[in-house]
Amino acid sequence: MTVFQALILGVLQGLAEFLPISSSAHLALTPWVMGWQDPGLAFDVALHFGTLVAVVWYFRRDIMELFAAVLNVLRKRKATTQSELRAMYLIVATVPAAIAGLLVADYAETVFRAPQIIAVALMLMGVVLWVVDRVASRERDLSAMTWRDAILIGVAQACALLPGVSRSGSTMTAARALGFDRSSAARFSFLLSPIITAAAVVVKVPEAVHGGITLPLVVGVTAAAVSSWLAIAVLLRYIARNSFAVFGAYRLVVGAGVLWLALSR
């Protein structure tokens, strides 16, 4: 892999991880479209280290508060405050994806990366994202979250193991379907990201750096970190006044283009 290829993939990972357009789809499809060698899932996950750094830094105050809340829950053996409950909700919402990851890990590296499957997932989730955001109410904020909400959002996150679904897209769509406003849906999705991402990084990064820490890897991770920070900042401001329609339309166009390429080759 060249430095240029790593830079492009790093930028795509950073932008697409938090925008509801599926980073895994872009990382799998870009080498296929460009004729590059597929760097594999281990490299993709290594890029997630950059996004992990970005989201932890951006939400550092929230994360420190949530970490303190977890310690309080362990000490008191119950969650009573909003911060303590939110921390528990985030942990509960992570469980479905963790279980699903263990069950379908082999498929995630092989079958799920087929361009036709990714294209269909992009388009279907684009329609769901668009429709749900259009018809769902916007009456709830994070203070109204329940255990049921956390579990359902966690199940939605597990579906994102299929490239094209999008972790942020599935969790924000689930939250919107449950009546949360766009800003609350995005915030919970972003705060949910570090837990599952850190777990994936711990498992896969040793494989990615097995041959040593190369310049392309460093460039890719750095690009992912910078572009992730920008994506978070821009999206939080954008959805405060706009819908998810543009992302749904983007997914439909890209998915249709990929499907056309796959069928014509």
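User: Is Arg182 buried or exposed?

Analyst: This is a predicted model, in which local features need pLDDT of at least 70 and side-chain atom pairs count only at pLDDT 80 or more, while totals for chains, interfaces and linings use all residues. Residues are numbered from 1 along each chain as its sequence is written, and side-chain values use heavy atoms, with hydrogens and water left out. Buried means under 20% relative accessible area, exposed over 50%, and partly exposed in between, with a 1.4 Å probe and protein chains only. Arg182, with a relative accessible area of 11%, is buried.

User: Which side chain does Arg182 meet in a salt bridge?

Analyst: A salt bridge is a side-chain nitrogen of Lys or Arg within 4 Å of a carboxyl oxygen of Asp or Glu. Here Arg182 meets Asp133, at 2.8 Å from N to O. The pair links distant parts of the chain, since Asp133 belongs to helix α7 (residues 115-135) and Arg182 to helix α10 (residues 182-208), 49 residues apart. Helices are DSSP runs of H or I with at least four residues, strands are runs of E with at least two, and both are numbered from the N terminus. Asp133 is also buried, at a relative accessible area of 4%, and a network of salt bridges links Asp133 and Arg182 with Arg176.

User: How many salt bridges are there by this rule?

Analyst: The count comes to seven. One of them joins Glu17 to Arg167, with the closest N and O atoms 3.5 Å apart. Glu17 lies in helix α1 (residues 3-18) and Arg167 in helix α9 (residues 167-177), so this pair ties together parts that are 150 residues apart in sequence. Glu17 is buried at 4% relative accessible area, and Arg167 counts as buried at 11%.

User: How do the axes of α7 and α9 cross?

Analyst: Axes are lines fitted to C-alpha atoms, for helices over the stretch in contact, and angles run from 0 to 180 degrees between N-to-C directions. The axes of α7 and α9 come within 9 Å and cross at roughly 30 degrees. Angles under 35 degrees count as roughly parallel, over 145 as roughly antiparallel, 65 to 115 as roughly perpendicular and the rest as oblique, so α7 is roughly parallel to α9.

User: Which residues of α7 and α9 meet?

Analyst: Contact means heavy atoms within 4.5 Å. On the α7 side the residues are Met125, Val128, Leu129, Val132 and Asp133, and they meet Gly169, Ser170, Thr173, Arg176 and Ala177 in α9.
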